[in-house]
Amino acid sequence: MRDESDHLANPGLGAPKPQGDEQAFRKPPPLHGRESHIRIFEGEPDPNAKLYGKTQISADGALPREEHGPSAVLKALDPFWTRGIIPGTSNGPEKPADSQV
Amino acid sequence: MTQSTASDYSEMINAVGKCPIDLGEVDLFGAGQQEHWPESYKILHEESPVQRIPGEGSTPDTDGFVITKYQDIYDIVRDPQTFPQPGFAGADGGGTAGMSTEDGEPSALADAMALNTLRPNLELHKAHRIELTDPWVGATGAPRHRPMVTKFVDQLIDNWIDKGEEIEFVEDFAAPLPQLVMTTILGWPLEDIDILRKWGQAQVRRFVYGKGHRNIMSDEEELENARDLGEFMEYVQEQVTRKRRDPQEDMTSFLTQVTYKAMNRKLTDNEVIGVLFGMHIGGLETTQYAIAAEAELLAQNPELWRELKADRSKIRFFAEEGMRIHAPTQGLSTRMAAKDVEIRGVPIPKGSILHLRYGAANLDAEEFNCPAEVDLTRPNTGRHMTFSQGIRVCPGAGISRLEQNIAWERLVDRLETIELAPGKNDFRHQPGIMLGLWELHLQFTKATG
Ligand code: HEM
């Protein structure tokens, strides 16, 4: 169990910032009239803000090239399910027995 | 999930956790603590609604935070730009933090979506749901499975209704129903159900036996699991090859044939397998846990059972209340702070991982009056967080709700009473971040006429 001796102040994260010195922030809209408790400090705008990954939209209907076999598929899975741990890579244990790769 | 796997988890399974009386004793991830989550949530709501877990963020110098208030979770899941799905294992795993975007620039926004070729951005995420999963398991597509689901529900009841007056409800009903339904929707052979169940358990193993909010397993466990999943992948590949050659009326065939308009092309094998993997992992134990928890509520509350028997239109409210009070997906989801934020005055630097506690949001008295009570007239009953909300909301909610509703429609029709079997239940739940009863022994009487 972590040390919660002075949890309310959230140790190590600094005291709440003084009023006059506040950074610009935005808030999510209220929920049933209740103000949101979240403040989002935008900081410098991210030039890639809209872009997450490589889109594979096809100009001519052709499919992208891909590797085959269980290891390749495990790598292609949504990390929601794998928590990003990919067997057979530097962040996972050795790859499973895989006849096709 | 059954209790037998190659690794020995008996200590974890049998651990008895102490019910916390103050914040210092709250540890949602401690052994045996799943039996005391409601009490822990109450303490967290009052004293530490944003609870820091030092050093457990996306990198060794960032932290994790457990979020328990309804409104905070609501705001977080509805802002995927600020709070994307983390695409990495966390500090220990190295992972993909800092992966680059299309033009090679590293970006804090390059989240889990970036790894999924079918929906690397929010727009395609929506298209993925509308075009690929909704027609089969979403609110629009699920209702056409009503006859099939009803048939399986009746078959399962037939297996035991005339054989005695006692059943183990998890093995005799709650577990096989989603397995039969999903295997049929996917178009895979029903004779493969036993091995599919084993692989299904490998799929969720991380969420049951993984440690802490990042569900970390040892290298040996990862390896053992990767072997099982590798076998499963080969199996799914065989199904995909078979259905490409000879398409039928099922979801696997559909995915092999469909032209995904959002990308102007068909799907590759790996992409099809990725969607199927999600259907199989998402569609089994979650619904099992929900149905079992609902049975426990009804067996403990004969008045409620009679209310449903008297008025079937209340079943759908009952299922929502069951899922609210005993959310199968207590702590399933995490998000990353892609910007510096502050929640309830607690500074949360960019790169922190947020562990969202849907089960706690559902028991937040600020959102749901007398949250522990089943109230079929609650005006906001369907607004629970059990399926999450926002862009990543569970794509299988439609089929799961259908299964739960039909299960109770038929059970209420065919049984006169259900009660707990005296002396046989310990009401223990699996470890991990989900909430699932191991077993539930019930006595029943058959309805007459
Ligand atoms: C009571 C039953 C169920 C519950 C409580 C449940 C809950 C959830 C939750 C909370 C999420 C995470 C959403 C987020 O992070 O915002 C999720 C995701 C998911 N669920 Fe379900 N689910 C259930 C049944 C199903 C079924 C029946 C299927 C498939 C037919 C399914 C497929 C999925 C998939 C594929 C995802 C990943 C979504 C994504 O990556 O965008 N679930 N579910």
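Tutor: Before we start, a polar contact here is a pair of N or O atoms within 3.5 Å. Keep in mind, too, that this is a predicted model.

Student: Okay, then how far does a polar side-chain atom of Tyr358(B) lie from an oxygen atom of the ligand?
Tutor: The cut-off for a polar contact is 3.5 Å. The pair formed by a polar side-chain atom of Tyr358(B) and a ligand oxygen falls within that limit, so it qualifies. The separation is 3.4 Å.

Student: And which residue has a polar side-chain atom 2.6 Å from an oxygen atom of the ligand?
Tutor: Let's go through chain B. For Arg335(B), a side-chain N or O atom sits 2.7 Å from a ligand oxygen, which rules that one out. The 2.6 Å pair involves the side chain of Ser388(B).

Student: Zooming out, what is the radius of gyration of chain B?
Tutor: Chain B has 16 helices and nine strands. For its 449 residues, the globule rule gives 22 Å, and the chain comes close to that, so it is as compact as a globular protein of that length. Its radius of gyration is 22 Å.

Student: What share of chain B counts as buried?
Tutor: A residue is buried when its relative accessible area is under 20%. The C-alpha atoms of chain B fill a box of roughly 70 × 60 × 45 Å along the principal axes. Of its 449 residues, the buried share is 64%.

Student: What about chain A: what pattern does it follow along the sequence?
Tutor: Chain A has two helices and one strand. Buried residues make up 37% of its 101 residues. Among contacts between residues at least 6 apart in sequence, 26% join residues at least 24 apart. Read along the sequence, its pattern is β-α-α.

Student: Back in chain B, is Thr448(B) buried or exposed?
Tutor: Thr448(B) is found in the segment after β9 (441–446). Its C-alpha atom is separated by 40 Å from that of Trp37(B), 411 residues away along the chain. Over 50% relative accessible area is the cut-off for exposed. At 72%, Thr448(B) is exposed.

Student: Where is Asn264(B) found?
Tutor: Asn264(B) has a positive phi of about 55 degrees although it is not a glycine. At 37% relative accessibility, it counts as partly exposed. Asn264(B) is found in the loop between α10 (251–257) and α11 of chain B.

Student: And what is the relative accessibility of Cys370(B)?
Tutor: Cys370(B) has a positive phi as well, near 40 degrees, and isn't glycine either. This residue is in the loop between α15 (358–361) and α16 of chain B. Cys370(B) counts as partly exposed, with a relative accessibility of 48%.

Technical notes. Residues numbered from 1 in each chain as written. Chains lettered and ligands numbered in written order. Predicted model: local features only at pLDDT ≥ 70, side-chain atom pairs only at ≥ 80, totals over all residues. Heavy atoms only, no water. Polar contact = N/O pair within 3.5 Å; in protein donor to acceptor, adjacent residues only side chain to side chain. Helix = DSSP H or I, 4+ residues; strand = E, 2+ residues; numbered from the N terminus. Rg over C-alpha atoms; globule rule 2.2 N^0.38 Å. Buried < 20%, exposed > 50% of the residue type's maximum accessible area, 1.4 Å probe, protein only. Contact = heavy atoms within 4.5 Å.
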